[in-house]
Amino acid sequence: CVRTCCLDFPAILPLLVLVLAFAFVSHAPFSFFYHLYYAHTLPSGAPRTSHWSRRTDTVMTQVPSAFLYYATSGMLYFFLANVLFNAECIYRQFKHKVRPRRNKIRILIAVVSFTIPMIQRGDLESFVTFWAIIFVSGWLFVQYPLGGWSHSAFHLVVTLIAPLLLAAARELPAS
């Protein structure tokens, strides 16, 4: 048997699984950087929300959202529409005044958009589980029941959505 390539790939991951991995990996460094160096040192309010590191963390929440839509739907045209929406959200991050409420609403719209394909496929169990995780993590984020540890708990809980999205991406015909 003659090898035609110096690399031997027994299998390559499906495109949508790779897109999903890219979405998670692209956000993580920006979030780690902001939380490790600035989130606890900047005063709350405008100094924190308008700081470049917080803006970048928010931008890198919008970027993966478009890719998550593609990973859960496999629909290229709707992915491109989602890219336009998220690009407009990113543009707003670089305006002089940051509006945190508007940012949260836009992130929520982005999250809703990449969970709608679950309903379209009839995967209500994954959809309900996903939103239960989001509500618990949102409660930790808003109410801060664990004091200073609540934000860390929020991030830990939200990671539970990764296996759900992986299963959704894996089950699509594009995979």
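This is a predicted model: local features need pLDDT of at least 70, side-chain atom pairs count only at pLDDT 80 or more; totals for chains, interfaces and linings use all residues.

Biologist: Where does Phe-33 lie, and where is Tyr-37?
Modeller: Both lie in helix α1, which covers residues 15-38. They are 4 residues apart, about one turn of the helix.

Biologist: And how accessible is Tyr-37?
Modeller: Tyr-37 has a relative accessible area of 48%. That makes Tyr-37 partly exposed.

Biologist: How many aromatic pairs does the structure hold?
Modeller: There are 12 aromatic pairs. Phe-33 and Tyr-37 are one of them, with ring centres 5.1 Å apart.

Biologist: Why is the pair of Phe-33 and Tyr-37 called tilted?
Modeller: Their planes are at 50 degrees, so the pair counts as tilted. Stacked needs planes under 30 degrees apart, and edge-to-face needs over 60.

Biologist: What about Phe-114 and Phe-130, how are their rings set?
Modeller: Their planes are at 80 degrees, so that pair is edge-to-face. The ring centres of Phe-114 and Phe-130 are 5.8 Å apart.

Biologist: Which helices do Phe-114 and Phe-130 lie in?
Modeller: Phe-114 lies in helix α5, residues 100-120. Phe-130 lies in helix α6, residues 124-143. So the pair ties together parts that are 16 residues apart in sequence.

Biologist: Which residues do ring pairs link into a cluster?
Modeller: Phe-114, Phe-127, Phe-130, Trp-131 and Phe-135.

Biologist: Now the core. How many residues does the largest nonpolar core have?
Modeller: That core has 26 residues. Those with the most contacts inside it are Leu-68, Phe-114, Phe-130, Ile-161 and Leu-165.

Biologist: Which elements each supply at least two residues of this core?
Modeller: They are α1, α3, α5, α6, α7 and α8. As background, nonpolar side chains tend to be buried together in soluble globular proteins.

Biologist: What does Ile-161 touch, not counting residues up to four places away in sequence?
Modeller: Ile-161 touches Phe-130, Ile-133 and Ile-134.

Biologist: Switching to open space. How much lies in the largest pocket?
Modeller: About 1,800 Å³. The pocket is lined by 50 residues. The closest to its centre are Thr-61, Phe-141, His-151, Phe-154 and His-155.

Biologist: How does the pocket lining split by class?
Modeller: There are 27 nonpolar, 18 polar and 5 charged residues.

Biologist: Back to Phe-154. Where is it found?
Modeller: Phe-154 is in helix α7, residues 150-158. At 17% relative accessibility, Phe-154 counts as buried.

Biologist: What does Phe-154 touch, leaving out residues up to four places away in sequence?
Modeller: Phe-154 touches Ser-137, Leu-140 and Phe-141. Phe-154 and Ile-133 are 9.8 Å apart in space, C-alpha to C-alpha, and 21 residues apart in sequence.

Biologist: And cavities? How many are there of 30 Å³ or more?
Modeller: The count comes to 1 cavity. About 30 Å³ of space lies in the largest cavity.

Biologist: Which residues line the largest cavity?
Modeller: Thr-58, Gln-62, Cys-89, Gln-93, Asn-103, Arg-106 and Ile-107. α3, α4 (76-93) and α5 each give two or more residues. α5 gives the most, with 3 residues.

Biologist: What classes are in the lining of the largest cavity?
Modeller: By class, 2 are nonpolar, 4 polar and 1 charged.

Biologist: Now the loops. Where is His-51 found?
Modeller: His-51 is in the loop between α2 (46-49) and α3 (52-73). His-51 is buried, with a relative accessible area of 17%. Leaving aside neighbours within four places in sequence, His-51 is in contact with Tyr-38, Leu-42 and Ala-46.

Biologist: Last one. What phi does Tyr-144 have?
Modeller: Tyr-144 has a positive phi of about 50 degrees, although it is not a glycine. Tyr-144 is in the loop between α6 and α7. At 37% relative accessibility, Tyr-144 counts as partly exposed.

Notes. Residues are numbered from 1 along each chain as its sequence is written. Side-chain values use heavy atoms; hydrogens and water are left out. Rings of Phe, Tyr and Trp (its six-membered ring) pair if their centres lie within 6.5 Å; planes under 30 degrees apart count as stacked, over 60 as edge-to-face and the rest as tilted. Buried means under 20% relative accessible area, exposed over 50%, partly exposed in between (1.4 Å probe, protein chains only). Contact means heavy atoms within 4.5 Å. On a 1 Å grid over the protein atoms alone, a cavity is a set of points where a 1.4 Å probe fits but cannot get out, and a pocket is an open set with protein on both sides within 12 Å along at least five of seven lines; lining residues have an atom within 4 Å of a point. Grid points are joined across faces, edges and corners, and a volume is the space filled by probe spheres set on the points. Ala, Val, Leu, Ile, Met, Phe, Trp, Tyr, Cys and Pro count as nonpolar, Asp, Glu, Lys and Arg as charged, and the others, Gly among them, as polar. A nonpolar core is a set of buried Ala, Val, Leu, Ile, Met, Phe, Trp, Tyr and Cys residues joined through side-chain atoms within 4.5 Å.
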